[in-house]
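Here is a friendly walk through one protein model, going from its strands to its rings and its inner space. Keep the picture at hand and look for each part as it comes up.

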Amino acid sequence: MNCPRCKSSDSTKNGIVGGRQRYRCSGCGYNYTVEKKSTAYPESVKKQALQLYLEGLGFRSIGRFLNVSHVTVQNWIKQFGSELEELKSQKEISVVELDEMHTYIGNKKTTAGLLLIENGKKFIDCSFGSRGTETGEKLWDKLKEKEIGEVMTDHWRAYAEFLPKEIHTQSKAETYTVEGYNSIFRHFLARLRRKSKCYTKSIEMLKYSIILLMKYRNNEISIFN
């Protein structure tokens, strides 16, 4: 390595600093090391940040706890989310409960539709968009290759516009399970709490956050191997 100051290749060893070999430039007398100190955080710290995030802390709280920048924490969560595979589910599903959940991206209202297998109590999939039929159609299109016996929803009128009538039942009495699971998102994701200072600025982070929590609650991802 040439001297960073004068670019001379003439140097001599000049001790060890921080476990790294130090050199002294024969031309200008500048001391330097061949290897720059790595600023990369270990994978265990990144996974700890993910666990804290999925247990309800916001980026700034995690940053204070781990003594790192909240922007760094956000980038870690975004990376974990971008590397996710699709949620796992059975091809044949006897009963599905479907419910909508409303939140905000900045000051614009959006809808996250959530699916749950009733007997296995597992999240299946979700879709994001405005509070309208097109959001539900996107979600139902993801399930077209699965054999679904019954679909239970509340009385939101958009459901009747995209769900097959022969398997669709609208009744609040049949959706208490998924409504209880909806509260998991409000509780464990700071960005979804009402009157929270943690809020979503992009649809991308909303998707990553919800799917990460879905897979975490489904036991499809392990924080510490």
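A residue is called buried when its relative accessible area is under 20%. Please keep in mind that this is a predicted model.

**An enclosed strand and its partners**

With that cut-off in hand, let us begin with strand E4, which covers residues 92-105. Of its 14 residues, 11 are buried, so the strand is largely enclosed by the rest of the structure. Which strand pairs with E4 in the parallel sense over five bridges? The partner is strand E7, made of residues 147-153. You can find this pairing at Glu92, whose bridge partner in E7 is Glu147, and again at Val96, which stands opposite Val151.

Strand E8 (residues 168-170) and E7 pair in the parallel sense over three bridges.

Is Thr177 buried or exposed? Its relative accessible area is 13%, and the cut-off for buried is under 20%, so Thr177 counts as buried. Thr177 sits in helix H6, which spans residues 176-188. Leaving aside residues up to four places away in sequence, Thr177 touches Glu97, Leu116 and Lys121.

**An open sheet**

Next, look for three strands that form an open sheet in the order E1-E2-E3, with antiparallel pairing. Strand E1 (11-17) and strand E3 (31-33) stand at the edges. Each of these two has a single partner strand, so one side of each is left without a neighbour in the sheet. On average, neighbouring strands of this sheet are turned by 35° against each other, direction ignored.

Strand E2 (residues 20-25) is joined to E3 by three bridges, and the two run antiparallel. For a spot to look at, Arg24 stands opposite Asn31 in E3.

**Rings that meet**

How many aromatic pairs are there? The count comes to eight. Two of the pairs involve Phe123, as the table shows.

| Ring pair | Distance between centres | Angle between planes | Kind of pair |
|---|---|---|---|
| Phe123 and Tyr181 | 5.4 Å | 65° | edge-to-face |
| Phe123 and Phe185 | 5.2 Å | 65° | edge-to-face |

Why do these pairs count as edge-to-face? In both, the planes stand at 65°, and planes over 60 degrees apart are given that name.

Phe123 lies in strand E6 (residues 122-129) and Tyr181 in helix H6, so their pair ties together parts that are 58 residues apart in sequence. Phe185 is in helix H6 too, so its pair with Phe123 ties together parts that are 62 residues apart in sequence. Phe123 and Tyr181 are both buried, and Phe185 is buried as well. Elsewhere among the rings, Tyr23, Tyr30 and Tyr32 are linked into a cluster by ring pairs.

**The space inside**

Rolling a probe the size of a water molecule over the atoms shows where empty space is left. A search of the whole structure finds one cavity of 30 Å³ or more. About 60 Å³ of space lies in the largest cavity. Residues that line the largest cavity include Leu98, Asp99, Thr111, Gly132, Leu139, Trp156 and Phe162. Which elements give two or more residues to this lining? They are E4, strand E5 (108-117), helix H4 (133-142) and helix H5 (159-162). That brings us back to E4, the strand with 11 of its 14 residues buried.

Key. Residues are numbered from 1 along each chain as its sequence is written. This is a predicted model: local features need pLDDT of at least 70, side-chain atom pairs count only at pLDDT 80 or more; totals for chains, interfaces and linings use all residues. Side-chain values use heavy atoms; hydrogens and water are left out. Buried means under 20% relative accessible area, exposed over 50%, partly exposed in between (1.4 Å probe, protein chains only). Helices (H or I, at least four residues) and strands (E, at least two) are DSSP runs, numbered from the N terminus. Two strands pair if DSSP finds at least two bridges between them. Contact means heavy atoms within 4.5 Å. Axes are lines fitted to C-alpha atoms, for helices over the stretch in contact, and angles run from 0 to 180 degrees between N-to-C directions. Rings of Phe, Tyr and Trp (its six-membered ring) pair if their centres lie within 6.5 Å; planes under 30 degrees apart count as stacked, over 60 as edge-to-face and the rest as tilted. On a 1 Å grid over the protein atoms alone, a cavity is a set of points where a 1.4 Å probe fits but cannot get out, and a pocket is an open set with protein on both sides within 12 Å along at least five of seven lines; lining residues have an atom within 4 Å of a point. Grid points are joined across faces, edges and corners, and a volume is the space filled by probe spheres set on the points.
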